[in-house]
Amino acid sequence: MRKTPQDDEDSVKKIFGKKASDIFSTSRNSRSKLKYPNTFYDNAGPEEMKHLKSLLVILNDTEIAMLAEAVGINFGKSFAEIDRGSIEGVLDEADREDLYREYKKLIDQRENT
C-alpha cells in the first residue's frame, strides 16, 4: 500500500496533536496577522527598531498623529484623543516602506514651511 501526504498528516497529528502545517505555521501570534506583510513588528531587527524610535523622537505630537494616519493606522477615534505613547506604540504595525515614505514627506513639509 502506497503512503499518501494525508497519511503523513494523520501520523503527525497522532503524535503531536496538531497537523504538520499547523506546527510549522509562521504565525506567531495575533499581531502577525496584520494588514501589511512588511511590518516593522514582523521583519525589523533590533537596529532598525532603534532607528525607527530615533526618527519618531524628531516628530512633534501632531506629526506623529499625521504619520499614523498616513500609514493607515486607525484607532476608531480622533488622534487628538489619543496620547503620543499609544500612537508610537502601534507604529511598528505599519508597513516599513509606507512609514519611511510618509516620514520623509512630513520632514520635507516641515522644511518647506
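The largest nonpolar core of this predicted model has 22 residues. A nonpolar core here is a set of buried Ala, Val, Leu, Ile, Met, Phe, Trp, Tyr and Cys residues joined through side-chain atoms within 4.5 Å. Buried means under 20% relative accessible area, exposed means over 50%, and partly exposed lies in between, with a 1.4 Å probe and protein chains only. Inside this core, the residues with the most contacts are Leu56, Leu59, Leu67, Val71, Ile87, Leu91 and Leu99. Helix H4 (46-58), H5, H6 and H7 each supply at least two residues of the core. In soluble globular proteins, nonpolar side chains tend to be buried together.

Before going further, a word on how to read the model. Residues are numbered from 1 along each chain as its sequence is written, and side-chain values use heavy atoms, with hydrogens and water left out. Since the model is predicted, local features need pLDDT of at least 70 and side-chain atom pairs count only at pLDDT 80 or more, while totals for chains, interfaces and linings use all residues.

Leaving aside residues up to four places away in sequence, Leu91 touches Phe40, Leu56, Leu67, Ala68, Val71, Ile73 and Leu99. A contact means heavy atoms within 4.5 Å.

Now step back to the whole protein. Its secondary structure comes to 7 helices and 0 strands, and from the N terminus on the elements run α-α-α-α-α-α-α. Helices (H or I, at least four residues) and strands (E, at least two) are DSSP runs, numbered from the N terminus. Of the 113 residues in the protein, 27% are buried. Among contacts between residues at least 6 apart in sequence, 60% join residues at least 24 apart. The protein exposes about 8100 Å², and carbon and sulfur atoms supply 52% of this area. Such accessible areas come from the Shrake-Rupley method with a 1.4 Å probe; for residues, only the protein chains shown count as cover.

Next come the aromatic rings, of which the structure holds 2 pairs. The rings of Phe40 and Tyr100 have their centres 5.6 Å apart and their planes at 70°, so this pair is edge-to-face. Rings of Phe, Tyr and Trp (its six-membered ring) pair if their centres lie within 6.5 Å; planes under 30 degrees apart count as stacked, over 60 as edge-to-face and the rest as tilted. Phe40 in helix H3 (residues 40-43) and Tyr100 in helix H7 are 60 residues apart, and their pair links distant parts of the chain. Phe40 is buried, with a relative accessible area of 0%, whereas Tyr100 is partly exposed at 27%. Phe75 and Phe79 form an edge-to-face pair too, because their ring centres are 5.9 Å apart and their planes stand at 85°. Here Phe75 is partly exposed, with a relative accessible area of 30%, while Phe79 is buried at 16%.

Charged side chains also meet in this model, and a search of the whole structure finds 7 salt bridges. A salt bridge is a side-chain nitrogen of Lys or Arg within 4 Å of a carboxyl oxygen of Asp or Glu. One of them joins Arg110 and Glu63, at 2.5 Å from N to O. This pair links distant parts of the chain, with Arg110 in helix H7 (residues 96-111) and Glu63 in helix H5 (residues 61-70), 47 residues apart. Arg110 is partly exposed at 33%, but Glu63 is buried at 8%.

Arg84 and Glu88 have their closest N and O atoms 2.5 Å apart, and both lie in helix H6 (residues 84-90), 4 residues apart, which is about one turn of the helix. Both are partly exposed, Arg84 at 22% and Glu88 at 30%. Together with Asp61, Arg84 and Glu88 are linked in a network of salt bridges. Arg101 is partly exposed at 41%, whereas Asp98 is buried at 17%.

Our last stop is the loop between H6 and H7, where Glu93 has its place. Glu93 is partly exposed, with a relative accessible area of 26%. The C-alpha atoms of Glu93 and Pro37 are separated by 9.6 Å, while the two residues are 56 residues apart along the chain.
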